[in-house]
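Welcome! Take a look at the model below, and then let's explore it together, one question at a time.

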Amino acid sequence: MQTIGQQLINGLSLGSIYALLALGYTMVYGIIKLINFAHGDIYMLGAFWGYFVINKLHFNFLFAMLSAMLFCALVGVIIEYFAYRPLRKSPRITALITAIGVSFLLENGMTYFFTANTRNFPQAIQTVTYHIGGIRISNIQLLILGTACLLMLLLELIIKRTKMGKAMRAVSVDPEAAQLVGININHTISFTFALGSAMAGAAGVLIGLYYNSIDPLMGMTPGIKAFVAAVIGGIGSVPGASLGGFLIGLLETAVQAVGLSAYKDAVVYFVLIVILLVLPAGIFGKKTKEKV
Amino acid sequence: MKANLKYNAAWLGVMVLGFVVIDACEFLGIINSFIENMLVTIGINIILATGLNLIIGFSGQFSLGHAGFMAIGAYATGIITQTLVTPIGFYLSVVVGIVIAIIAALIVGIPTLRLRGDYLAIATMGAAEIIRILINNLKITNGAAGLFNIPPLVTWATVYVFMCVTTIVTVNFIHSRSGRAVMSVREDEIAAESMGINTTRWKLAAFVFGASTAAIGGSLHAAYIQTIAPGDFNIMASIAILIIVVLGGVGSITGTFIAAIVLGTLDTVLQNFGTLRMIIYSLALILIMIFKPSGLLGTWEFSFKRLGSRQRKEQSVHE
């Protein structure tokens, strides 16, 4: 019972990181149907920004995270403007290759300028471990879980309650009709990238604090797994991405706890294939009927 | 096949000429081991990318798991040729690799080919990763360390011949009745179905065909490079093959050849730049995609048939 509770806590902390990343994937895919391969690398940039401002400018944790979100939002908008906007009318596979190119560029650019060494993330917050009923919970785990839930709630409010959120939903349903009613598509898409990248930036700083080590290639595997989470939850759906993220996190820790850690990624992909076969549009995905 | 005999003969002539030219350069010492290595890599990439182009460009199914099938071929060769150190052992291992890849492609393809577009891509990527993780944990494949000292049973000539044979077979498949069925699935699945084409069967046929050529590419890779590890066949390897296909133009075999040659040469030239190499490579990729979104050649294909008919037309105009 205790171990199950312990694994649940670990799984939820890891899952909230995946959920934050999956939100960016799901929003971008929902609006321009692009698998943004560079998203995992924006998360890496967020972690490096946090490392930089805490070490050099002595920011406290809250400011480090907020500034990382701002920085990543800016990077996301710049990438969209230069790499994806010219390709909006071209075949989707072209945009996908460009996204892969951007991902390579960010990874290798960071490796070139800052070396590929792994570095220790500064401990901006002293780790305190609480013991509740035999389960160990650190304040960092609580912080990750709390921040992730807060950000998801905030995102849900932005999408459902603000004018920009309404525009985002409209563009994802039908871009041309949205344009006809006076929505500026370019601004809306930029805003979507900013929101998604800000979430990734926050996730980057949180993971730095949790795992304590960052390197320029850290975004690759979590990026792909977060995309898997978004697909499982139903791509284009915000609650789906959060649920998918938590599911993947829990699944991974469960497989590790059983002692099959060598197969943890294989299990994740296997579950993905099974879910896609049973629910082809993911858990919360919209079913689309085919017109003949 | 019979109708295209004349054009196939013309292509055979080109291939023999290519062989003679490379052989002559080798004899005269123009090609050193460095360039030969580059040529062999290009040849293997052409085999892999032609198979993937058949899946993506001609049957319209987006597969991101090509490296998984390549890994099957590579490991079949690596394991079998360690006990059977003869050319016969190598050819046997190629056949075994193809058979296992076909079985794996059927297991992966039958359920996942019901999915569409990006979902299919993610599912095939997942399947390839599962293959890689299995190889990474099995005893017979020597785990994460991989296999080394694989006997060098392959020369550039073997790769060249295999490249020509797989290309001729693939192109003839595309130009056959089956190939037209596959392409009709790409154009409009519902319309194809209403014409009596079993869409699932032809999608699967293209997928299995692509997988078996990937296994051949993997076998050649293992026997030429002599060292393989599970890490060589990860998602990035699948993406590298995809990049060749998209850069050359989805649905153009000529484009695949040109893109493989351009990228192979670029890679060799950029070796001198050290770590800057990947930055230049990724920038080149982004810029080509932005300024030439349909790939270098689009769907344009070089064809002796068209060349011949144009000449005939010109003659009739002159008369």
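Q: Which residues of chain B does UniProt list as "transmembrane region"?
A: This comes from an unreviewed UniProt entry; such positions are given in the numbering used here, feature names are shortened, and annotations may be inferred rather than shown by experiment. Residues are numbered from 1 along each chain as its sequence is written, while chains are lettered from A and ligands numbered from 1 in the order in which they are written. The model is predicted: local features need pLDDT of at least 70, side-chain atom pairs count only at pLDDT 80 or more, and totals for chains, interfaces and linings use all residues. The entry lists residues 9-31, 37-56, 63-84, 90-110, 155-174, 204-225, 237-266 and 278-300 of chain B.

Q: How far apart are the end C-alpha atoms of residues 204-225 of chain B?
A: Let's start with another listed span, residues 9-31 of chain B, which is 87% helix and 0% strand, with its end C-alpha atoms 28 Å apart. Helices (H or I, at least four residues) and strands (E, at least two) are DSSP runs, numbered from the N terminus. Residues 204-225 of chain B are 100% helix and 0% strand, and their end C-alpha atoms are separated by 31 Å.

Q: How many helices and strands are there in chain B?
A: Reading along the sequence of chain B gives the pattern α-α-α-α-α-α-α-α-α-α-α-α-α. The count for chain B is therefore 13 helices and zero strands.

Q: What is the radius of gyration of chain B?
A: The radius of gyration is taken over C-alpha atoms, and the globule rule is 2.2 Å times the number of residues to the power 0.38. For 319 residues that rule gives 20 Å, and chain B is close to it, so chain B is as compact as a globular protein of that length. Its C-alpha trace spans about 70 × 55 × 45 Å along the principal axes. The radius of gyration of chain B is 20 Å.

Q: Which helix gives the most to the side of chain B that touches chain A?
A: Two residues are in contact if their C-beta atoms, placed from the backbone, lie within 7 Å. By that rule, 30 residues of chain B are in contact with 34 residues of chain A. Helix H4 (87-112), helix H5 (117-137), helix H10 (235-248) and helix H12 (276-291) of chain B each supply at least two residues of that side of chain B. With ten residues, the one that gives the most is H5(B).

Q: How many nonpolar residues does the side of chain B that touches chain A have?
A: Ala, Val, Leu, Ile, Met, Phe, Trp, Tyr, Cys and Pro count as nonpolar, Asp, Glu, Lys and Arg as charged, and the others, Gly among them, as polar. The side of chain B that touches chain A has five polar and two charged residues. Its nonpolar residues number 23.

Q: How far apart in space are Glu193(B) and Ala181(B)?
A: Glu193(B) lies in helix H8 of chain B. With 15 other C-beta atoms within 10 Å, Glu193(B) is partly exposed. Glu193(B) and Ala181(B) are twelve residues apart in sequence, and their C-alpha to C-alpha distance is 10.0 Å.

Q: Which residue in the turn between E2(A) and E3(A) has a positive phi?
A: Strand E2 (residues 129-132) and strand E3 (residues 135-138) of chain A pair in the antiparallel sense over four bridges; strands pair if DSSP finds at least two bridges between them. Thr129(A) has Ser138(A) as its bridge partner in E3(A). The two strands form a hairpin with two residues between them, and the turn residue with a positive phi, about 55°, is Gly133(A).

Q: Is Val128(A) buried or exposed?
A: Val128(A) is found in the loop between strand E1 (119-120) and E2 of chain A. Leaving aside neighbours within four places in sequence, Val128(A) is in contact with Ser138(A) and Asn139(A). There are 10 other C-beta atoms within 10 Å, so Val128(A) is exposed.

Conventions. Buried ≥ 20, exposed ≤ 12 C-beta atoms within 10 Å, placed from the backbone.
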